[in-house]
Amino acid sequence: MEHNVTFLGYIPILPLIGAAVLGLLHVGTCTRKPIHEKIYGVFACIGPLLSFVLALRVFFTLKGMPEEARYLTQEAFTWFQVGDLNISMGFLADPLSSLMLLFVTLIGSLIHIYSIGYMSGDKNFGKFFAYLNLFLGSMLVLVLGDSPVVMFVGWEGVGLCSYLLISFYCEDTDNVLAGNKAFIVNRIGDLGFVLGMGFLFWAIGAQGFDFMSLKANAHVLAPGVALTVCLLLFVGATGKSAQIPLYVWLPDAMAGPTPVSALIHAATMVTAGVYMVARFSFIYAHVPLAGEIVAWVGILTALLAAIFGMFQDDIKKVLAYSTVSQLGYMFAGVGVAAYSAGIFHVFTHAFFKALLFLGAGAVIYAMHHEQNIWKMGGLKKKMPKTYITMLIGALALAGCPPFAGFFSKDEILFSALATGHYGIWIVGVLVAGMTAYYTFRMIFVVFHGEPRDQEAYDHAHEAPAVMTVPLIILAVGALCAGFLNLPAIFGGHQQVSHWLAPSLTEHHPHASLFVEIIAIGASVLAFVIGIRAAYKRFGAGAEEPQFQGFAKFAYHKFYVDELYDAVFVQPYKRIGDAIRKTIEPSVTDGPVTLAAKVYMIAGAAFKVFQVGYVRVYALYMIIGLSVMSLLLSQSLN
Amino acid sequence: MIQSYLTVSVILFCLGIVGVISRRNVFTVFMSIELMLNAANLSFVALARLHESMDGHVLALMVMAVAAAEAALALAVVILLHKHKGKLDTNVFSLLKG
Amino acid sequence: MFADGLFILFTVFAVVGAAGLVLFKHPMNGAMSFVVTLIALAGLYALLNAKLIFAIQLIVYAGAIMSLIIFIIMFLNIQEEDLPAEEGRFKYLIGGVIVVAPVGMLLTKAVNSLPGSEATIAGAGFGGVKEVGVKLFTEWLLPFEIVSILLLVSLVGAVVLAGKRGTNK
Amino acid sequence: MFEHVLSVMIFLPIVAGLVLLLTPAGKGIARLTGGVISFAGLVLGIDIFFKFKNQGPLQFVENIPMIPSLGINYSLGIDGISLFILLAGAVLLPMVYLLFTTKSKGYYANLLIVQGAMAGAVCAADMILFYVFWEVMLLPVFFMLGLWGGESRIPATIKITIYTIAGSLLMLLGIIYTGVSYHAQFGEWSFNIVQMTQLQMAGPVAVLAFFGFMIAFAIKIPLFPFHTWLPDAYTEAPTATTFVLSAIMAKIGVYAVIRLVVPIFDGEFARYALLLAYSGVIGMMYCGITAIAQKDFKRMFAFSSASHMGVIALGVFCMNLQALTGSVFQIVAHATSTGVLFLFAGILEDRVKTRKIADLGGIAYTAPVFALFFAIAMLASVGLPGTSGFIGEFLIILGAIKFNVLIGVLAGTTLIIGVCYMLWMFQRVFFEKTKPASEGFKDLTLTEGLTFLPVILLIIFMGLYPQPFLEKIEPAAQLHLAAADAGKTIALADNTHALVQGSTVETQK
């Protein structure tokens, strides 16, 4: 079986070419007469769609291979090679990356199509699609990279694109600040990634620094080094996937256009961290302590974000915190070594979260860029398609059987329970209830009850087909994706887990039927309690609540942003200012200035002797002569 | 015997120095310099006599020529200064004061 | 013996003249006493068999240069009030002597450490016009020419400097 | 002619510059001449690049005795390390003539002279010759800064001149000491850099000589805390001068460390490497943090440049193949990215007549090409993968981790620090609301755009396919490390001792 293929590289390159073409078109024309939007739209969608087709080809090629040797590689060229370090610009498609490829390209393409409707009329239409293509290309590099370094290219690339897209409406300072925040926080994570790569390289990289060689050599890693590498890489993951303590950028990232939120902050970019941990499962599997830390960080993030999500009044912020929360689940999954469960949740989450974001986008679009849920209400009648699709998404997110989210979330919670992580399981179930609560709080407030803003309600209308069709496709996905990994208890075969098995180093826990039933029962119970609470409170319309006490504290996100600002940002700026104003002129430049000053003072002192009278100068000469004479006559004796 | 001539030369030279550093009158300073030149000349000639070589005489001639040139220039400068400042005091000219 | 007597006489005149130059307040008096020094020096040259130098000292130095100086002094028509006050003149002079004393002592010491040789009888032609002239125009030709250029330059310089119309008095 | 191609590269600009100064040519002609000559340098440089073989020892060697009695020769030669600094100059300098409005004749003449002198310093294979070019290099900067600089140019000029000359004199002492030691050890005079590597240096005087060299180079690079001349000089200098200073001259400081200090003072270098590495890292952080507080964009770039130089120097001090190669690569990458950023700053200053960040805003809306190019150069300077900046920074951090974990971690923070001030600046200059000063900001003209385009493409090319560059650097780097290794094994044993006890170790010996 031939493993070397030549078409892998085209998958990321096609969107990148698209980005270059669109970018040049936009730059070349934006100050003069803009090009028609349709041209941009066509160019923008070609790349992602072709990539999707290629992704399908990859999938079926892999499917045709024997299970234990399912991989495709392409080594385009030697990227850089210094001494033992040999990095080739190479791509690797194995079951893990092929799964990622499929949904990234599919959802990416759908979002592109949707955006044609959503962004119409924007004067930076071309720029938007250039960034979007660039983003998708970077994400595909990330997924396909055959070594950590190539992966890092995509890793940083998506960070850059998130910066560009979040600060897309760049005339507003807040948006740009949100973009900066995203990029800088991501960079902090990237530092962890780079350092992790460094340690990994000096430990086992000399025999080859691509994933396959690393996997083959992982067993020689000393436990201490392995733990260091795992934790550093996890720092990278927390940055990209918005986990404690680096989650703060994601809610702010909602400043970008809504399709961007869907693409970056729900379906693709934020999942990169989970993907990376799964990619490095061959190391994590050897270091249970690292997994433990990952799992706890993940589940605590899930809890924290769920608390925040319960009190937000911006529709996108609710979704943003739900994303952070779901990402926490995924990390809990990969942390308890249930990598396939984590990845499966990535997969299902991509569908329903993209769906929810795009639906929210349609609502915002209909409400003329109003994002406060307390200004909406009763939209069910005006936007039936959007309502239905979003309801499906919400059910999936809340974990209602048999929607996609139920199976994947349940898989994670079951794994936690089966591996004896009871604490994680309890928190997980609790978060599941909270998820159901805040999701349906949003649905009820937005779509049910009476309109709160009559004028906006009158103008609201269903989105055009270019926007609703992607919604429907995604809704189908959100409805059915869960069945792909149907566990045995429901008569399924866990196809996704089996598909992923060759890429991952994991041991499926064997647990009794009883445990499985407890897990499922608890999840369903949590869902029911959550949705009931939401219905009681908001089902028949409710007024905007005034938050008191803990609720107010949670509404302000525990003041974490303010804390970070006071602890990191302000001191940083103050140190900079202090250096500029005092340290630089007086301390570092001090010796130099001092030397100059001493010189000047000495000059002023010696100036006294420069009286200007010729005869005094002669006198100096004679005095010198006399002194010399005295000395000489001493020696003459 | 030559020592006595040279001693005279030393005395004259020292008197010249004293004149240069302690007087303020331009002319006196100038003539003190001439005195030092003459003292040097005397030692040239005396040493020429000692070594029976006339190179010292030639040098003395040279010194005189230089003295003449110096006199011409220096006096021109004195005239100029006198024209500008109306004084013959060297202390008036202290443009180099730091 | 006679020569020693003359030497002492000239020495006394030379030193007294030089002292006068340094001490007199008015430059005219100083110049006159300097002339005495120059003439006495000419006498010393004669005692040293330097016939040409003796003549030139009298003609060029005591004659030409000194008369130029005196001419300028008179030309500027210096009055008592034009002269610098020089109140502490003697104080300065004493100070000057003190400063110079070590130099003088060193030089004297150096002179006295020379090998004391009695005067030989100089050759007949020693210091004569012809002999010095031959030396000057053979071995010393280049310096001689340079000196002549120097004189020319100083001549031009003097004309340029003194000829300037100083308006801002 | 092509046996003497290096001499041509050195003396063609110098002679042209001197001729310009002596003839009553107009400024237009001066600009034209400068452009033609530097373009000729570019052509020669590209020619050298393709004829260069991927080997360690010096190539294109020329050797003519100058003062045979003292063993001082006019000897030139380049290896993979010097090649790229030479090329950086050859590639970047022609841009200067195309971009800015015509200045006076003397300005162009000085630019030509500095170009030749820098080429000379890079190619010199004899320490005395190196010293001569090193000093000549400063002279045109003195004139350009002092005559055509900004408002407070005089203090800046005096500071840079005296500061760097003070350092150079220390280096001269070091050079003389090494020459004398060579004579003492081998019985003949020589100042040839290659022969010097055989020297065995030890003892307190060798340490002094080592620091003589190091301080001279630390001032030029500039390494913390010897960087204080830099902000003033970079800010006040006319754009082309800042460009020359930051893009090439600073790099010659690093180059000189690699070429002179590493092979000759191998023992001392290994002993003090940790100290120097800390100096590099602290400088990187210090200057990076200061950069964010600057009000003046040119000054901000100055600090940013100093910050990056700290990382580049660190790569040299780590003494392993990855870091050294990365350092040399980063020299080129930084020359292109920061050099271009300084040129952009010059264009910005030309058009808006202010250097205050606060006065600007919204430039991206009217000048998209400018914004795009600027963004690419900026991203390269913060080390985004896919641009030239990443490869070098990655290799340096990798090497630093091997050298010392703490240093590696601190070096990594450059990823964060760099991005902080750059984004902050970019936001306020290019985004947000348009301010009066930047209203109607004109985009790059066709000439300007075409001038920048090759360099921008180079930045991306070097990021995507750096191998042609790295394979030329690596053999030379390996050779240098092999020379240094001998000393390293002796010195690394008491490396940590030396840091704690400082010079006491020396006196005990």
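In the predicted model, the contact between chain A and chain D takes 45 residues from chain A and 47 residues from chain D. On the side of chain A that touches chain D, at least two residues each come from strand β1 (72–82) and from the helices α5 (148–166), α6 (173–204) and α25 (560–588). Of the elements of chain A, α6(A) gives the most to this side, with 15 residues. Sorted by class, the residues on the side of chain A that touches chain D comprise 25 nonpolar, eleven polar and nine charged.

Chain D does not touch every other chain. No contact joins chain D to chain B, and the closest C-alpha atoms of these two chains lie 21 Å apart. Chain D likewise has no contact with chain C, the closest C-alpha atoms of that pair lying 30 Å apart.

Four pairs of chains touch, and among them the most contacts are between chains B and C. To this contact chain C contributes 74 residues and chain B contributes 59 residues. Six helices of chain C, namely α1 (2–23), α2 (27–47), α3 (51–75), α4 (89–112), α5 (129–138) and α6 (141–163), each supply at least two residues of the side that touches chain B. The most is given by α4(C), with twelve residues. The side of chain C that touches chain B is made up of 52 nonpolar, 15 polar and seven charged residues.

Within chain D, a pair of helices was also examined. Two packed helices are described by the angle between their axes and the distance between the axes. For helix α12 (residues 297–317) and helix α18 (residues 414–430) of chain D, the axes come within 11 Å and cross at roughly 165°. Because angles over 145 degrees count as roughly antiparallel, α12(D) is roughly antiparallel to α18(D). The crossing in which α12(D) passes α18(D) is left-handed. On α12(D), the contact is made by D:Phe297, D:Met300, D:Ser304, D:Ser307 and D:Val311. On α18(D), the residues that make the contact are D:Thr414, D:Ile417, D:Gly418, D:Tyr421, D:Met425 and D:Val429. Taken by class, the contact of α12(D) with α18(D) has seven nonpolar and four polar residues, and no charged residues.

Notes. Residues are numbered from 1 along each chain as its sequence is written. Chains are lettered from A and ligands numbered from 1 in the order in which they are written. This is a predicted model: local features need pLDDT of at least 70, side-chain atom pairs count only at pLDDT 80 or more; totals for chains, interfaces and linings use all residues. Two residues are in contact if their C-beta atoms, placed from the backbone, lie within 7 Å. Helices (H or I, at least four residues) and strands (E, at least two) are DSSP runs, numbered from the N terminus. Ala, Val, Leu, Ile, Met, Phe, Trp, Tyr, Cys and Pro count as nonpolar, Asp, Glu, Lys and Arg as charged, and the others, Gly among them, as polar. Axes are lines fitted to C-alpha atoms, for helices over the stretch in contact, and angles run from 0 to 180 degrees between N-to-C directions. Angles under 35 degrees count as roughly parallel, over 145 as roughly antiparallel, 65 to 115 as roughly perpendicular and the rest as oblique. A crossing is left-handed if the near helix is turned anticlockwise from the far one by less than a right angle, and right-handed if clockwise.
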